[in-house]
Amino acid sequence: MSNLIYWVHASVDGFIDGPQGEFDWPVMGPELSAYSESLDERVGTLLYGRPVWDMMVGFWPRAEEFDQDSHTKAFAPFWRATPKVVCSRTFAGDEWTDRVIRDDLAGEIRALKAEAGADILLTGGSGLAAALTEHGLIDEYHVAVHPVVLGGGRPLFQAPGKRLNLRTEGSRVVDGRIVVTHYRQG
């Protein structure tokens, strides 16, 4: 059975984007990039909710044309080559989508975990993360807290409807400014 990993950037005040949806504040320094790439090495499937998918597909297919950063150069080929699953009731799919989950989210994700082999990576997306958390389907949480206060936006965790006890597996400061903490289901 594959692990489902949730990898997300957050502000100190607990938001994953700004009040207007801004996502211009995470800084991918060399240590944070290396951490992210170490997660990618375990992954055979990428999982997205529709809002994050729209952002990803708007950039990563041709990322090197827009950005020559070393993280971009490392992640873009991985992103293009890795199967991608989008959870959305209204999305029909596109040339970059390998599968769309429309109904029975919990059942479909359980099936995906059973068949995937390598781990599954959910990047960002507090709504999908909350739904999967509520069903006990996320095995690991990797949260990078950046030293910025956004003052509003989408919360890191939308109300899951119940308490979730996590076990801290490790925490460290990367690039001299970002705290990355790895949690597992309690």
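Phe59, Trp60, Phe66, Phe75 and Phe78 form one aromatic cluster in this predicted model. Two of the residues named in that cluster, Phe75 and Phe78, also belong to helix H4, where they take part in the contact with helix H1. The points below take up the aromatic rings and then this helix pair.

**Aromatic rings**
- Counting rings whose centres lie within 6.5 Å, the model holds 12 aromatic pairs.
- Lys84 is placed over the face of Trp79, at 4.6 Å from the ring centre.

**Helices H1 and H4**
- The axes of H1, residues 30-40, and H4, residues 70-81, come within 10 Å of each other and cross at roughly 15 degrees.
- Because angles under 35 degrees count as roughly parallel, H1 is described as roughly parallel to H4.
- The crossing in which H1 passes H4 is left-handed.
- On the H1 side the contact is made by Ser33, Ser36, Glu37 and Asp40, which meet His71, Ala74, Phe75 and Phe78 of H4.

Key:
Residues numbered from 1 in each chain as written. Predicted model: local features only at pLDDT ≥ 70, side-chain atom pairs only at ≥ 80, totals over all residues. Heavy atoms only, no water. Phe/Tyr/Trp six-rings, centres within 6.5 Å; stacked < 30°, edge-to-face > 60°. Lys NZ or Arg CZ within 6 Å of the ring centre and 35° of its normal. Axes fitted to C-alpha atoms, helices over the stretch in contact; angles between N-to-C directions. Helix = DSSP H or I, 4+ residues; strand = E, 2+ residues; numbered from the N terminus. Parallel < 35°, antiparallel > 145°, perpendicular 65-115°, else oblique. Left-handed = near helix turned anticlockwise from the far one by under 90°. Contact = heavy atoms within 4.5 Å.
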